[in-house]
Amino acid sequence: VKDGREPDTDAFAVISREANRRGLFILSCGPDNNVIRFIPPLNTSLDDLEAGIGILDEAITTYEAQ
């Protein structure tokens, strides 16, 4: 969200593009398409889960650095 609690609809586009560039596909949801779905399959390995969280963290950090 932006200052003042307004949805930041541009954030997901940047974060999604950065995550995709690093090999992680993410989906949006919510009325403003600014919520990231985090629903990994039950058979996801811990290593894959940690790698995905790392990629998501890097993508969010890239957005915040703008």
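Reader: What volume does the largest pocket have?

Author: A heads-up: this is a predicted model, where local features need pLDDT of at least 70 and side-chain atom pairs pLDDT 80 or more, while totals for chains, interfaces and linings use all residues. Residues are numbered from 1 along each chain as its sequence is written, and side-chain values use heavy atoms, leaving out hydrogens and water. The largest pocket (an open set of points on a 1 Å grid, with protein on both sides within 12 Å along at least five of seven lines) has a volume of about 370 Å³.

Reader: Which residues lie closest to the centre of the largest pocket?

Author: Its lining (residues with an atom within 4 Å of a point) has 13 nonpolar, 2 polar and 2 charged residues. Of the 17 lining residues, the closest to the centre are L24, F25, F38, I39 and P40.

Reader: Which element gives the largest share of that lining?

Author: Look at the helices (DSSP runs of H or I, at least four residues). With 6 residues, the largest share of the largest pocket's lining comes from α2.

Reader: What about the second largest pocket: which elements give two or more residues to its lining?

Author: That pocket has a volume of about 170 Å³. Its lining includes A11, F12, I60 and Y63. The elements giving two or more residues are α1 and α2.

Reader: At roughly what angle do the axes of α1 and α2 cross?

Author: α1 covers residues 9–21 and α2 residues 46–64. Passing each other, they make a right-handed crossing. Their axes (lines fitted to C-alpha atoms, with angles from 0 to 180 degrees) come within 8 Å and cross at roughly 130°.

How values were computed. Left-handed = near helix turned anticlockwise from the far one by under 90°. 1 Å grid on protein atoms, 1.4 Å probe; cavity = no way out; pocket = protein on both sides within 12 Å on 5 of 7 lines; lining within 4 Å. Points joined across faces, edges and corners; volume = space filled by probe spheres on them. Nonpolar A, V, L, I, M, F, W, Y, C, P; charged D, E, K, R; others polar.
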